[in-house]
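Have the structure open as you read.

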Amino acid sequence: MAHLILASGSPRRKMLLEQVGADFIVRPALRPEPLAKEGQPPDEAVMDIALAKGTEVAKTAEPKQLVLAADTMVCLNGELLGKPEHEAEAAVILSRLSGAKHTVYTGVALLLDGQVQTACEATDVYFRPLTDEEIRRYVATGEPMDKAGAYGIQGKAATFVRRIEGDIYNVIGLPLCLVAELSREMGVQIG
């Protein structure tokens, strides 16, 4: 029996947990992902969504199995940007991020035998100015389509990022240091 359940189907979160040697299984929540409430601050929104996912999956956990759920959103000038629904939307999002600073928020929820920990990590990301041709070529790769903010910093969009302030793993989708600290507080070593 694995000691950790990742309540997410994200290949990036799976990759990050594998990177640190975590013993885990993947069991995504089955219900549609809840949406942020109107006017809710981004940090609260991602923690609430992560908790909803984690609570659903925790119902299937064995005793002493830690459930880890997460949700990531991109915020530009106070507006939450989710995953694009189509290529045209991805291009619009990327053109808005071009030359600008945005903040990536990842909320995490850890649940273990009735204990619950939630927290949020925020990282500022600065894009260099992008040309329309760069955006078109990047969107054509398909990479932006399943990612908050329509880009993957660990992929082809790495050349778009001038700098970040904060946790790079948060931008990829799982703030590993924060998760390790919270899980340790619950008596579980994740890696």
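Arg27 sits in the loop that links strand 2 (24-26) to helix 2 (42-58). Helices here are DSSP runs of H or I with at least four residues, strands are E runs of at least two, and both are numbered from the N terminus. Keep in mind that you're looking at a predicted model, where local features need pLDDT of at least 70, side-chain atom pairs count only at pLDDT 80 or more, and totals for chains, interfaces and linings use all residues. Residues are numbered from 1 along each chain as its sequence is written, and side-chain values use heavy atoms, with hydrogens and water left out.

Is Arg27 buried, exposed or partly exposed? With a relative accessible area of 26%, Arg27 is partly exposed; buried would mean under 20%, exposed over 50%, and partly exposed is in between (1.4 Å probe, protein chains only). Leaving aside residues up to four places away in sequence, Arg27 touches Ile5, Leu6, Ala7, Ser8, Val57, Thr60 and Ala61, where contact means heavy atoms within 4.5 Å. As for Lys147, that residue is 120 residues from Arg27 in sequence and 19 Å away in space, C-alpha to C-alpha.

Now hop over to helix 4 (residues 132-140), whose buried residues are Glu134, Ile135, Tyr138 and Val139. They lie on the same side of helix 4 because they cover an arc of only 125° around the axis, the arc being that of the directions from the helix axis to the C-beta atoms. There's a handy rule behind this: an α-helix has 3.6 residues a turn, so residues three or four places apart point the same way. The buried residues of helix 4 pack against helix 3 (87-97), while the face turned away from the buried side carries the exposed residues Asp132 and Ala140. Just after helix 4, Gly142 takes a positive phi of about 85°.

Time to zoom out. The protein has 6 helices and 7 strands, and along the sequence they follow the pattern β-α-β-α-β-β-α-β-β-α-β-α-α. Of its 191 residues, 48% count as buried. Among contacts between residues at least 6 apart in sequence, 66% join residues at least 24 apart. Finally, the C-alpha atoms fill a box of roughly 50 × 35 × 25 Å, taken along the principal axes.
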